[in-house]
Amino acid sequence: MPTLHGAVPPGVSGSVIRKAQRRAEDDGRDIGRVLQGAKAKQSGANFEAELESTFTHLALRKEASIVKVEPKIAGWGSSLRVVRAGPFDYCGSYRGRAVAFDAKVETGATSYRHERKKMHQILALREFRDSGGVAFILLHCRELDGVWLLGNDDLDTLLRDTVKVCRRAPELSHFRPFIPRLRTFDRPEWDFLPAAVKLFTP
């Protein structure tokens, strides 16, 4: 079985390490790369759970109704497969405004480029925006523990280019709206919808 030799990224659990070791052994891949991929997947799942908690909080206060858009699945058992990806990750309403957004997780980034194979998400968000809805990318930075909001013209730019979100030197400066995680009892920890609706309402 492949050994780690100090390649373990911080924040990776023992069970994830064991799974990565088995995968690296089966596929012949570098275990460090497998672990980085596993950490990114785990981080994305954690952020998704935090968002669900935020949406529950807002629903209880009757401020919003946000749902996850699931892909279309076909088959059964070992033949189970995704036949059509969802147009974006989340949609619903916030204080009477229709909203749709895609959630992504980055760390140490200064710019964002959307994956080419998922460009249908940008096209769907632009269509939602052009029909009068509030559409945006919610970009979570693990390192800074906050989210950037990318909407309006950014959705056009992402079809062909990257969007610069911040500068880190000589001092941190944000080029896109940045909202840190809240640590209060009266508001959800990811309280980004008020800013998104204000900024991106057509």
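Biologist: What is the mean pLDDT of the chain, and what share of its residues reach 70 or more?

Modeller: The mean pLDDT (the predictor's confidence in each residue, from 0 to 100) is 84, and 73% of the residues reach 70 or more. Over residues 1-9 the pLDDT is below 50, although this stretch has 19 contacts (heavy atoms within 4.5 Å) beyond near neighbours in sequence. Where pLDDT is low, the predicted coordinates should not be read in detail. This is a predicted model, in which local features need pLDDT of at least 70, side-chain atom pairs count only at pLDDT 80 or more, and totals for chains, interfaces and linings use all residues. Residues are numbered from 1 along each chain as its sequence is written, and side-chain values use heavy atoms, with hydrogens and water left out.

Biologist: Why is Thr54 called buried?

Modeller: Buried means under 20% relative accessible area, exposed over 50%, and partly exposed in between (1.4 Å probe, protein chains only). Thr54 has a relative accessible area of 2%, so Thr54 is buried.

Biologist: Which residues is Thr54 in contact with, leaving aside its neighbours within four places in sequence?

Modeller: Those residues are Pro188, Glu189 and Trp190. Thr54 itself is found in helix H2 (residues 31-60); helices (H or I, at least four residues) and strands (E, at least two) are DSSP runs, numbered from the N terminus.

Biologist: What makes up the lining of the largest pocket, by class?

Modeller: The lining has 12 nonpolar, five polar and 11 charged residues. Ala, Val, Leu, Ile, Met, Phe, Trp, Tyr, Cys and Pro count as nonpolar, Asp, Glu, Lys and Arg as charged, and the others, Gly among them, as polar.
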